[in-house]
Structures are given as structure tokens and as C-alpha cells.
Amino acid sequence: MTRIVFPAYVEIAENRFRERFGLDYEDFKVDQIFKHRPGYTLTQQDNINECLDTLNQAMLHYDTQYASQTEFSQPLIVTTLIVQRLIGMTWKTFNKKKAIVRWAEIIMKTPVFAGDTLYSESTVTALSEQSNDPECGLVTIRTIGRNQRNDEICHMDYDCLIYKRDYLPFANYNY
């Protein structure tokens, strides 16, 4: 039988434990703010790889000569990379999410360049029970991305289904 012994661990056999990350739906309250760490310093190679992976051929992201003639004077980091890294930083807090079920908005506010370090913080803006999914509750989140100068580079509003405390996904998966 699987039981919770420590908040961050599940006992999977006698004297054998598996780490659990993330908060249960019941742990969240409106207006909680979570600062996610560590930060992530972006490189131009990260940018080039993301452009190749997403087939983004906009010269502004990888052609230094072209970018030098724009208002930015250097290649911009592609938006999809920024969103991925900021959401990725939230995993320890929101690891018990079943799914992101809705994006309300993604607003990019400031250009991001190679060498910038991203930091992420999230605010719980709403909670609601889900009658169509009794295993989960709905958590509405605003995640703000900041750079090393603490400038807000973007914010994202989205809804996640978060597992409730009594539901342990993969509880019997003893790897």
C-alpha cells in the first residue's frame, strides 16, 4: 500500500521512498506568489536551436548582420523559447498538474537577448472545483517573467488542472 510519510515523499515499499514534487490543489490559495528558482541564462545557441526546432526562419532571431540594422541592434530571443523556459521553471510548484487546459493570454513586454537571465514568479489568481474531473481542481495562474534587471519581460495567464491531495497519479509505479 502506498502512503504519504513525508510531504515530499511517498513510501512505495517498506523503507523505500520516491520523491514527490508540486503542491496539491488544496494547498493553493488565491493571491499566493511563488518565486521559482533557479533562473536561466539564455544563449544565442539556445535561440538558434529553438528556431531550428520550430522551423522559425525569421532572420531577426539568428542573423546578427540583419539584426544589427534593426531597432534592436542584435538578434532577439524567439518567444517560444522564453515561454518554454519560464513555464519550465514553475515545475516544482505545479508538478502535480494534469494539464494546462487554457491560455488566456501571453504578453511580451520587453525584448530578450542572448546573455539575459530569466526568472519566473507565479501568482494564483483563481481556484475552482471541477465537476467533470473529480481528481483535480482548476488553478488559474499568472506567471511573470523577469530579467536580471528585474524588468518584466512578459506575463502569461493560464488555467491548470491540479491533482487533489487524495489522488496520487502513478502511485503504484515503483521505479
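Biologist: With which residue does Arg149 form a salt bridge?
Modeller: This is a predicted model, in which local features need pLDDT of at least 70 and side-chain atom pairs count only at pLDDT 80 or more, while totals for chains, interfaces and linings use all residues. Residues are numbered from 1 along each chain as its sequence is written, and side-chain values use heavy atoms, with hydrogens and water left out. A salt bridge is a side-chain nitrogen of Lys or Arg within 4 Å of a carboxyl oxygen of Asp or Glu. For Arg149 the closest N and O atoms are 3.4 Å apart, and the partner is Asp151.

Biologist: What is the relative accessibility of Asp151?
Modeller: Buried means under 20% relative accessible area, exposed means over 50%, and partly exposed lies in between, with a 1.4 Å probe and protein chains only. Asp151 counts as partly exposed, at 33%.

Biologist: What percentage of the residues count as buried?
Modeller: The C-alpha atoms fill a box of roughly 65 × 35 × 30 Å, taken along the principal axes. The protein chain has 175 residues, and the share that counts as buried is 39%.

Biologist: Which residues have the most contacts inside the largest nonpolar core?
Modeller: In soluble globular proteins, nonpolar side chains tend to be buried together. A nonpolar core is a set of buried Ala, Val, Leu, Ile, Met, Phe, Trp, Tyr and Cys residues joined through side-chain atoms within 4.5 Å. Here the largest such core has 25 residues, and those with the most contacts inside it are Ile82 and Leu118.

Biologist: How wide is the arc covered by the buried residues of helix 1?
Modeller: In helix 1 (residues 44-53), the buried residues are Asp46, Asn47, Glu50 and Cys51. The arc is that of the directions from the helix axis to the C-beta atoms. These residues lie on the same side of helix 1 because the arc they cover is only 135°.

Biologist: Which exposed residues are on the face turned away from that buried side?
Modeller: The buried residues of helix 1 are covered by elements that include strand 4 (33-41) and helix 3. The face of helix 1 turned away from the buried side carries Leu52 and Asp53.

Biologist: With which residues is Asn47 in contact, its neighbours within four places left aside?
Modeller: Asn47 is found in helix 1. Asn47 is buried, with a relative accessible area of 0%. Its contacts beyond those neighbours are His61, Leu76, Ile77, Val78 and Leu81.

Biologist: Where is Tyr62 found?
Modeller: Tyr62 is partly exposed, with a relative accessible area of 35%. Tyr62 touches residues including Gln44, Ile48 and Cys51, not counting those up to four places away in sequence. Its place is the loop between helix 1 and helix 2.

Biologist: How many residues apart in sequence are Asp24 and Lys96?
Modeller: The side chains of Asp24 and Lys96 meet in a salt bridge at 2.8 Å, N to O. Asp24 lies in the loop between strand 3 (16-19) and strand 4, and Lys96 in the loop between helix 4 (91-94) and strand 5 (97-108), so the pair ties together parts whose separation in residues is 72.

Biologist: Which residues form one network with Asp24 through salt bridges that share partners?
Modeller: Asp24 also forms a salt bridge with Arg165, the closest N and O atoms being 3.3 Å apart. Asp24 is buried, with a relative accessible area of 5%, whereas Arg165 is partly exposed, at 35%. The network joins Asp24 with Asp27, Lys96 and Arg165.

Conventions. Helix = DSSP H or I, 4+ residues; strand = E, 2+ residues; numbered from the N terminus. Contact = heavy atoms within 4.5 Å.
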